[in-house]
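Student: Could we go through a model together and check each label against its cut-off?

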Amino acid sequence: MAKPNKKGPVKTVDIYCKLCNQPLFKYRKAGKGALVKSFLERITKDYTVKPCICPNCEKQFARETLIRGTAAYKFIGGKVWFK
């Protein structure tokens, strides 16, 4: 399968923790669908200290995985929101 486009989209979204509204990172999102995963190479600004753990409430919001051979975070349903 093809790898995701490295340059990727221009549109950025802010991703927040659903529990405490802490900003987690800025992400270059493609398309208008739901937020299911985020490729690490598309994250422009990361506010987390430990990967996949909210820095404020210490809850896990995603799992580290490989998607099409590229490192990514797969979000746990209902743990994050974006605008």
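What follows is a short chat about a sheet and some aromatic rings.

Tutor: Keep in mind that this is a predicted model, where local features need pLDDT of at least 70, side-chain atom pairs count only at pLDDT 80 or more, and totals for chains, interfaces and linings use all residues. Residues are numbered from 1 along each chain as its sequence is written, and side-chain values use heavy atoms, with hydrogens and water left out.

Student: How do you know that β5 and β6 pair?

Tutor: Two strands (E runs in DSSP of at least two residues, numbered from the N terminus) pair if DSSP finds at least two bridges between them. Six bridges join β5 to β6, residues 70-75, and the two run antiparallel.

Student: Why are β3 and β5 said to stand at the edges?

Tutor: The open sheet has three strands in the order β3-β6-β5. β3 (37-39) and β5 (62-67) each have a single partner strand, so one side of each lacks a neighbour in the sheet. From one strand to the next, the twist averages 30°.

Student: Why is the pair of phenylalanine 25 and tyrosine 73 called tilted?

Tutor: Rings of Phe, Tyr and Trp (its six-membered ring) pair if their centres lie within 6.5 Å; planes under 30 degrees apart are stacked, over 60 edge-to-face, and the rest tilted. Here the centres are 6.1 Å apart and the planes are at 35°, so the pair is tilted. Phenylalanine 25 is in strand β2 (residues 23-28) and tyrosine 73 in β6, 48 residues apart, which links distant parts of the chain. By this rule, there are five aromatic pairs, and Phe25, Phe61, Tyr73 and Phe75 form one cluster.

Student: Are phenylalanine 25 and tyrosine 73 buried or exposed?

Tutor: Buried means under 20% relative accessible area, exposed over 50%, and partly exposed in between (1.4 Å probe, protein chains only). Phenylalanine 25 is at 1%, so it counts as buried. Tyrosine 73 is at 6%, so it is buried too.

Methods: Helices (H or I, at least four residues) and strands (E, at least two) are DSSP runs, numbered from the N terminus. Axes are lines fitted to C-alpha atoms, for helices over the stretch in contact, and angles run from 0 to 180 degrees between N-to-C directions.
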